[in-house]
Amino acid sequence: MKLIKTIGVLILVSLSLGCITVEDSISSSPTDSKVGIYVQIDEKSAAFDLSEIQVKIGNKTINDFNKPNFVGYASKTNGEVEVTFVVNVNGKDWYGKKVSARDLINLKFPHGEKILITLELYYEDETLRIKAETEKSGIIGEKIPDDVFMSSEEALVKEIQRVYGEVPNKIKEELKINKKIREKFLSKYSETGNLTYLRSYRDSFYAIRAFGELAKWKGLSMPDIKAFNLTLKGNNEYYSRYSSPQKDFSVVIFSDNTPYYSPIRIKGALNTSLPFLYYRGRGLSYYPVSAIHWAEIYFKRGNYEIALQFLNNLQEFIYFGNYNSKDYALFLNYFHFENSSIPWVSGYAQGMGAGLYAKAYQITKNETYLKTAKLLLNSFQIPYKDGGFVVEYPYGLWILEYAYNPNELVLNGHIIALQGLYYYWEITKDEKAWQLFQAGVESTKKALPIFDTNSWSKYSNIHGDASEFYHRLHIQLLKWLYDVTGDEYFLNYARKWNNYLIYRGLPPEDLG
């Protein structure tokens, strides 16, 4: 079996029999009852955890991720097209552990001429699985758009040209720099076989691939392109000096402003206070949640100048929209996390952001900060189905830290968003903020038992025990809820969870 190297991953795909009739090439003439089937492998989810992968579907081979490939014809029956095939996956993770998966894909589509099926690899209970992703599946019609067949980089450049009229010289230069960086790492990998260079190649290329896919499927707005430019610069600054961090997760900064000691500091041409996160396979991405969190720390320390720097830097990358004739603002995240697509929204950043921009207005009397705060508050009115981040559960209103998964209720993110709403209300006395805060407090009260294992707290309703850091944070947040509401239910839970620390021989939190 021949392995084909593509985008730093070894991938082989072939097609089994089933409801697809395999032809040697797309030039073969189908009958009127046949529909052309295209398949692509999406580079997201488990793809980032794999250094080597073979995806086999019969005798067909897909040479690239995120690129549609003709694999055969399916028949029309009673106005429907049924597509069935078996997928076999074998590969290795970055530590040399072998992984495999096998699944039967069966899909039905309305009558059409061409159909595109996107396959995604993902982990569930530490088991590799395969699914047909519906977001990019089922393009039906006389012609699949030409953009779909472009590489991510080609689609990205074309979309930037559409928005600006031409690709700005600064972006052209960063693209050239990135190409040289990628070629260097790929050459070193070819010479040595060292997976560190392979990972660095993929990491350094991630921004172009991710924003290119966004350009291909959804298009780019001006804020998207600004975010891409910053992300590409950050990656170029880092990877022109170093290979990927050894840890699967790291924080990288391009200034001296950090409330923590651990971030990797880069001194170069990039001048931003915004923190970047490194995730294996995804390179560096700036993260509004971290920037908001750091700004809050500096506000609490009374270092307003640095706190305002974070807010000012973030301001440039805010997305402004309109829903039901009401303007709103969103902080967008441009990296794949867990099973997310991009961009995605965090209620943490929206809630705390509203509070901190209101604080910035209180300190400076600059109306721009207040306007931003109000627009962030307005984002709470966007229904979840239309891109919002607030859901209704049996417990009541819940603010999602990871809006791409409405089934995950993260305790700390929800309460921190409530903190931001409370700060906003303190300054503005806006009744909408107060109502949201009250509703969130009640839902927290009702939901607390699901986060209590009777020996520790849980990070979310679908995850296991929280880390010690988050367990302590839960205690602090519950104490804060007691302080602002006077409800002893929260104090009792804070004490109960504090006792869990004592039972484990750990120092407790000071609850006053």
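Strand β13 (residues 276-279) pairs with β14 in the antiparallel sense over 4 bridges, where strands are DSSP runs of E of at least two residues, helices are runs of H or I of at least four, and both are numbered from the N terminus. Two strands count as paired if DSSP finds at least two bridges between them. The structure is a predicted model, in which local features need pLDDT of at least 70 and side-chain atom pairs count only at pLDDT 80 or more, whereas totals for chains, interfaces and linings use all residues. Residues are numbered from 1 along each chain as its sequence is written, and side-chain values use heavy atoms, with hydrogens and water left out.

Strands β13 and β14 belong to an open sheet of 4 strands with mixed pairing, in the order β12-β11-β13-β14. Its edges are β12 (264-265) and β14 (283-286), each of which pairs on one side only. Within β14, L284 stands opposite Y278.

The whole structure contains 44 aromatic pairs, defined for rings of Phe, Tyr and Trp (its six-membered ring) with centres within 6.5 Å; planes under 30 degrees apart count as stacked, over 60 as edge-to-face and the rest as tilted. Y238 and Y242 form a tilted pair, with 5.5 Å centre to centre and 50° between the planes. Y238 is buried, at a relative accessible area of 4%, while Y242 is partly exposed, at 42%; buried denotes under 20%, exposed over 50% and partly exposed the range in between (1.4 Å probe, protein chains only). W398 and F451 form a stacked pair, at 5.9 Å centre to centre and 20° between the planes. Because W398 lies in strand β20 (residues 396-399) and F451 in the loop between α10 (431-447) and α11 (468-485), this pair ties together parts that are 53 residues apart in sequence. Both W398 and F451 are buried. Ring pairs also link F249, Y279, Y287, F335, F337, W344, Y402 and Y404 into a cluster.
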